[in-house]
Protein chains: 2
Amino acid sequence: MLVLSLDLGGTKLAYTVMDENGTQFHNGKILLEGRQGTQVGRLITELIDSLLTELSQANKKIDAIGVSVAGIVWHVNKTVWVPKINGWENYPLQQEIEAVAGDIPVILESDRTCYILGERWKGAAQNCHNAIFLAVGTGIGAGILVNGGVLKGTQDIGGAVGWMVLHKPNQIAGDSPTCFFEDYASGTGLKALANLLIANSPQYKGILKEKKESLRTIEIFENFDTDEVASKTLQICIELWGMGIANLVSIFNPEKIILGGGVFGPATRFLPDIKASVSKWAQPYSNRNYSLEISALGKDAGVYGAAYSAIRYLNSKKDVQ
Amino acid sequence: MLVLSLDLGGTKLAYTVMDENGTQFHNGKILLEGRQGTQVGRLITELIDSLLTELSQANKKIDAIGVSVAGIVWHVNKTVWVPKINGWENYPLQQEIEAVAGDIPVILESDRTCYILGERWKGAAQNCHNAIFLAVGTGIGAGILVNGGVLKGTQDIGGAVGWMVLHKPNQIAGDSPTCFFEDYASGTGLKALANLLIANSPQYKGILKEKKESLRTIEIFENFDTDEVASKTLQICIELWGMGIANLVSIFNPEKIILGGGVFGPATRFLPDIKASVSKWAQPYSNRNYSLEISALGKDAGVYGAAYSAIRYLNSKKDVQ
């Protein structure tokens, strides 16, 4: 069995060919370089077309194509929404890929679904039936495994944990005393939080002061040990991660929560602090019985998950025959 | 097919005999009247013994016994934890019932699992695959259906949504700016909230002032229209219910959220206000696509769910044979 797996992010398209054991062939990456709307669709279909031709010449047959999409896959109308690509509010990606795929089945899944499926297959969630991949990047979303199946919800939009309403940190409380989880605990949120702390501290003269909109998330991590705003930002964020993850522990009583996305990454060094923060709030019994880990697949979680989606699809067809 | 269904609460034991269509025979209720420890076990086994004898004399055969337990059912070691019954931290209820049940299979489930299964079978969640029963009584717990199966978690303690950490209402914020969902939004919590508001309002001379520990939850509802503390308590609680339910809507993207337990009941009149409160925070797309309803089975949700657990068990055995 051989599947073609693609991972469409907001800025790049990664691809690989995998067999049922997860062995990779032909992997690569293409930057989107500002492409929009149908230009991105064309990039994907041309890539698939050329890979299929190349593999066919080598006498290799692709059995299915799996695609991880950085957004929402609306399974009912077979379109996708990728917030970071202009013109992809309701994009007919499935139809476009099927037009070049011929008889090969095409399986599209949201990135968060792929992340937890990838970790379930070849990463940190192997043998888990109840596990959560918390993807902390531009926003925050979760791929959630319940009883071995992925929680997609009624309209495929389940796992939107970035929308959890939490107590807003006192240091930045303005008109509203509440915030959404991703407002200050995502990569984008960390920058907003640092800039709010700077705005509230006229006496601060540190290295982040004049960055404003140009501040990059990584600079907050790089200056944690020496800069008061960077340090305070991450301390507050550890509290927010603690609350958000505690809520997931109490609700799901999972075996594992796996942290991934661009922020984990550099936030990995705070894993023990985050775990301690979670334990202040999580249901005590569930808190003693889950483990908090970093993604084992990292940037490859999407292609592994997309491949596994395709393989699961092929296996389900086999069961029926 | 005929099942015996029991619902063990903190103060009473309800029972019924049901067929596979949900038709009830022989239903009744026994108050626990302060029984503790093994006294409660004896009450249950004597009831089952006498019912089985009576049914047998009428030539009726019970195929399975389902029991809803107001607490946690630890399926691994086959014991239960019922916080409201002394000596039931780790009680061998399954074993005790099996001793009188002979060959009849015995299926124990937590009350929140039974509530959502009951509503799924004969109540407000019929035909739902993703639905939540929010039980608001002494505490707050949820029976959660994901992809048609009940979310129990790894150690059967999933659905502990009363532990969700939320922003504590500003009016009562003390040392901690956060609270757990059930601290002020459960039946017990409503009383605590009213007493805190009274303690913070020295000028208040209303009807609830001198009640203190003797204040009953129902009195807060009864005085909503005329008493400032009762009114404020419920306004704050509507915000808390809004936040808690919004988090569930965003995470699960469910078809329905069903409100039950003793508080719904009297809080039913606030359903439109709660729905409006939820919409301030829930993920907008999921918010437009769920419905908020009151339990259709009310106090019977437990016995229906326990019966359905037993019927599902019998059907699963049939599939295997």
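**How the two copies meet**

Author: The copies meet through the same surface, because 100% of the interface residues of chain B are also interface residues in chain A; two residues are in contact if their C-beta atoms, placed from the backbone, lie within 7 Å. This is a predicted model, in which local features need pLDDT of at least 70, side-chain atom pairs count only at pLDDT 80 or more, and totals for chains, interfaces and linings use all residues. Residues are numbered from 1 along each chain as its sequence is written, while chains are lettered from A and ligands numbered from 1 in the order in which they are written.

Reader: Which element gives the most to the side of chain B that touches chain A?

Author: The contact takes 36 residues from chain B and 36 residues from chain A. On the side of chain B, the elements that give two or more residues are β11 (165-167), α7 (228-252) and α9 (284-288), where helices (H or I, at least four residues) and strands (E, at least two) are DSSP runs, numbered from the N terminus. By class, that side has 18 nonpolar, 17 polar and 1 charged residues, with Ala, Val, Leu, Ile, Met, Phe, Trp, Tyr, Cys and Pro counted as nonpolar, Asp, Glu, Lys and Arg as charged, and the others, Gly among them, as polar. The element that gives the most, with 6 residues, is α7(B).

Reader: Which residue of chain B comes closest to the rotation axis?

Author: Chain B is superposed on chain A by a rotation of 180° with 0.0 Å of shift along its axis, at an RMSD of 0.0 Å, and that is the relation of a two-fold axis. The superposition is by least squares on the C-alpha atoms of residues with pLDDT of at least 70 in both copies. Of the residues of chain B, the one that comes closest to this axis, at 2.1 Å (C-alpha), is B:H167.

Reader: Within chain A, which element gives the most to the side of domain 1 that touches domain 2?

Author: Chain A is divided into domain 1 (2-118 + 299-320) and domain 2 (127-295), with bounds that come from an automatic or database domain assignment. In the contact between them, 11 residues of domain 1 of chain A meet 15 residues of domain 2 of chain A. On the domain 1 side, β5 (72-74) and α3 (111-122) of chain A each supply at least two residues. The element that gives the most, with 5 residues, is α3(A).

Reader: Which strands are the edge strands of the open sheet in chain B?

Author: In chain B, 5 strands form an open sheet with mixed pairing, in the order β10-β9-β8-β13-β14; two strands pair if DSSP finds at least two bridges between them. Inside that order, β8 (residues 131-136) and β9 (residues 140-146) of chain B pair in the antiparallel sense over 6 bridges. The edge strands, each of which pairs on one side only, are β10 (149-150) and β14 (291-294) of chain B.

Reader: Is B:N59 buried or exposed?

Author: B:N59 is found in the loop between α1 (37-57) and β4 (64-69) of chain B, and its phi is near 60°, a positive value in a residue other than glycine. A residue is buried if 20 or more other C-beta atoms lie within 10 Å of its own, exposed if 12 or fewer, and partly exposed in between, with C-beta atoms placed from the backbone. B:N59 has 6 other C-beta atoms within 10 Å, so this residue is exposed.
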